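Here is a structure to walk through step by step. Keep the sequence and the 3D view open as you read.

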Amino acid sequence: MGSFVYVTLCKITCMYFLNLDPSLDTWNFSSPLISLWINRFYIYLGFAFGISLWICFQIVIRKQLFIFKGKNSKDESVPKATRDLMTNGYISLQKKDILVSGVKIFYGSQTGTAKGFAASLAEAVTSLGLPVAVINLQEYDPDDHLVEEVTSKNVCAFVVATYTDGRPTESAEWFCKWLEEASSDFRFGKTYLKGMRYAVFGLGNSAYANHFNKVGKNVDKWLWMLGAHRVVARGEGDCDVVKSKHGSIEADFRVWKTKFISRLQALRKGERKPCGGNCKKGQCESSAREKELQEEKSTLVRNAMKGEASERRAMITPALREALTKQGYQLIGSHSGVKLCRWTKSMLRGRGGCYKHTFYGIESHRCMETTPSLACANKCVFCWRHHTNPVGTEWRWKMDQPEMILKEAIENHQNMIKQFKGVPGVREDRFEEGMMVKHCALSLVGEPIMYPEINRFLKLLHECKISSFLVTNAQFPVEIRNLKPVTQLYVSVDASTKDSLKKIDRPLFKDFWQRFLNSLKALAAKQQRTVYRLTLVKAWNVDELQAYAELVSLGNPDFIEVKGVTYCGESSASSLTMANVPWHEEVVHFVRELVALIPNYEIACEHEHSNCLLIAHTRFKIDGEWWTWIDYNRFQELVQEYEDSGGLTNFSAKDYVAKTPLWALFGASERGFDPKDTRYQRKNKSKDISGC
């Protein structure tokens, strides 16, 4: 009954919406809507099936997303380089370069064995696709470049041989001396090379048990003391085949080379410890693409290094040039300089000359202070240049010709004099005279006698009628013996015992004391004027009177200048303070006591303003009067005769003396100040101590 009613209602509804005539006994089933209505159950079934498929699809997708997220959470703990490898197929070269950018192989060789080993190691490194440079230590300046390895990401390998008596080879001598000095120098510190990575292979002969591989051991130790990181244990090659661990020095090297290459591969992967051999096959090797790129870079680096090695470097680096220029130096060429002395400025203004004017009669306003070598073999605690100049024990730089040095020195000096034209107080007559150089003080900075052409330079000075005052630090006895006549030759005697000399001068030479003594002996053989220069440093060297007296007898100088140290401000290179500067009365007291210990010497002159006194040999006291001044015209005549005779016609210090004026003598009321000038006292300064 219910179903009948339902069907009837449906028919009526359809006829209503379709406007069918209810009088028709039969329906037209060809109508589309009627067909849909009749087959509605099939349509419902289709919709249900589609919805079921969509639900199944969503379930599958959600499961896949869940798995993917799980993978990502694990990948977060994987290094980025590894994820790059998973997604891109290779690790970027930039990342590899940051780990190890290249290898520098330094060698010090005498017979060529170490050089050959360095070349063999370079070949092995090149096979890894790394840039490599092979460097002769003789052509390398550690003072300028070693610290660059802290941030370069290079690995530095040192292949060094031990030579006679445990000393380094000639080519590595300077590098080892510098490294030894730096490792114990407070200015460098224990972290100076922190970040640098290195390895050392030493060559030696165990037959010399006391010195076996001493150089290799020392280089390893000194680098470590400066904070560098050792990447592989030091290798020791033994020329004694009986005692060699692997049968020969070549075999010793091959074993060490294998360890080094293996360690290098581990470093490229970022491993801190050497590879244990458990890595998957192929992971320790570079891709073909990397090798091609690195080989190209390696070739460029090697070619560049060869180009640099073909010519010696200039002594004055860009950084050094900037530092010295700020201090007022006029730099000449690659290793020389000139600067205007404050006493030159003072005498131009009629305010008095330097102590050389008082002691020897030079005209301070006509004196050019210069040097043909900015390098020095000492690091004196009282160095008034604060150690901005380079150091070395031999000439290892590009060399300029003496003609060019002298020409530019005079031109630069004259240009600095020109700047005083019209300055208030400058005397016109002295300004004109100052443009004509008459004296040259080779004492600006450094060690002039190191310059290989120093004799030619002196000859050029004398040809220009310029007198020469050359100062040396008593570390080059051979050069002193070979030196041609100088107007006046100085040797700095900064201490009288080995310990105090090492403490004050801090020399680079290991045999500094013997060199010092030999220099004094060489000075004694000179026929022209010679001078000991003593710099007194309170609490350092003022209590060594007897030792000083013994040194005087060794060199027998014509004169002894005793000067209180000049304090030139605080510096990280020196621990000196004003407390180390002696008062003038203290210098006078020291000189009196010294003269009492050395026969045939007396106090001759004084220059209070410079805190300086002159002790002279009594042979310059003629008929009770002092003749410490110099007849400069006579000297030029004598040195010309010497040159014309080829050195056969020599002359002595007494051949060109001049009488010392009364105002310059010790005890005079002027205290060494020329009465022709007007003494200038600084305001609020009650007492003069010294002059810079």
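The paragraphs below go from the overall fold to single residues.

Start with the whole chain. This is a predicted model. The protein has 23 helices and 20 strands. It has 692 residues, and buried ones make up 50% of them. Now consider contacts between residues at least 6 apart in sequence. Of these, 75% join residues at least 24 apart.

One stretch carries a label from a database. The UniProt entry, which is unreviewed, annotates residues 41-61 as "transmembrane region". In the model, residues 41-61 are 100% helix and 0% strand.

Next come the aromatic rings. The count of aromatic pairs is 25. Take Phe117 and Phe201. Their ring centres are 6.1 Å apart and their planes meet at 75°. The cut-off for edge-to-face is over 60 degrees, so this pair is edge-to-face. Phe117 belongs to helix 6 (residues 113-126), and Phe201 to strand 4 (residues 197-204).

Phe158 is in strand 3 (residues 154-161), while Phe175 is in helix 8 (residues 173-183). The pair therefore ties together parts that are 17 residues apart in sequence. Phe158 has a relative accessible area of 0%, so it is buried. Phe175 is buried too, at 0% relative accessibility.

Rings can also join in groups. Which residues do ring pairs link into a cluster? They are Tyr355, Phe359, Tyr360, Phe469, Phe559, Phe620 and Tyr632.

The charged end of Arg342 sits over the ring of Trp343, at 4.3 Å from the ring centre. Likewise, the charged end of Arg533 sits over the ring of Tyr490, 5.1 Å from its centre.

Ser364 touches Trp343, and its other contacts include Thr344, Met347, Gly353, Cys354 and His357; residues up to four places away in sequence are not counted. Ser364 lies in the loop between helix 14 (355-360) and strand 9 (367-371). Is Ser364 buried or exposed? Its relative accessible area is 2%, so Ser364 is buried.

Helix 22 (residues 584-595) has twelve residues. At 1.5 Å a residue, they should span 16 Å. The end C-alpha atoms are 17 Å apart, which agrees. Its buried residues are His584, Val587, Val588, Phe590, Val591, Leu594 and Val595. These cover an arc of only 160° around the axis, so they lie on the same side of helix 22. An α-helix has 3.6 residues a turn, so residues three or four places apart point the same way. What covers the buried residues of helix 22? The cover includes strand 13 (529-536), helix 21 (545-555), strand 14 (559-564), strand 15 (601-607) and strand 16 (612-617).

Helix 20 (residues 512-524) has 13 residues. From first C-alpha to last it reaches 19 Å, close to the expected 18 Å. Among its buried residues are Phe512, Trp513, Phe516 and Leu517. The buried residues of helix 20 pack against helix 18 (477-481), strand 12 (488-492), helix 19 (498-505), strand 13 and helix 21.

Arg506 lies in the loop between helix 19 and helix 20. Its phi is near 45°, a positive value in a residue other than glycine. At 12% relative accessibility, Arg506 counts as buried. Ala474 is in the loop between strand 11 (467-472) and helix 18. Its phi is near 60°, also positive. Ala474 is buried, at 0% relative accessibility.

End with Ala228. It sits in the loop between helix 9 (214-225) and strand 5 (229-230). At 5% relative accessibility, Ala228 counts as buried. Ala228 touches Leu193, Lys194, Met196, Tyr198 and Leu223, leaving out residues up to four places away in sequence. Ala228 and Glu149 are 79 residues apart in sequence, yet 9.6 Å apart in space, C-alpha to C-alpha.

Terms used. Residues are numbered from 1 along each chain as its sequence is written. This is a predicted model: local features need pLDDT of at least 70, side-chain atom pairs count only at pLDDT 80 or more; totals for chains, interfaces and linings use all residues. Side-chain values use heavy atoms; hydrogens and water are left out. Rings of Phe, Tyr and Trp (its six-membered ring) pair if their centres lie within 6.5 Å; planes under 30 degrees apart count as stacked, over 60 as edge-to-face and the rest as tilted. Helices (H or I, at least four residues) and strands (E, at least two) are DSSP runs, numbered from the N terminus. Buried means under 20% relative accessible area, exposed over 50%, partly exposed in between (1.4 Å probe, protein chains only). A charge sits over a ring if NZ of Lys or CZ of Arg is within 6 Å of the ring centre and within 35 degrees of the ring normal. The expected span of a helix is 1.5 Å times one less than its number of residues. The arc is that of the directions from the helix axis to the C-beta atoms. Contact means heavy atoms within 4.5 Å. UniProt positions are given in the numbering used here, feature names are shortened, and annotations may be inferred rather than shown by experiment.
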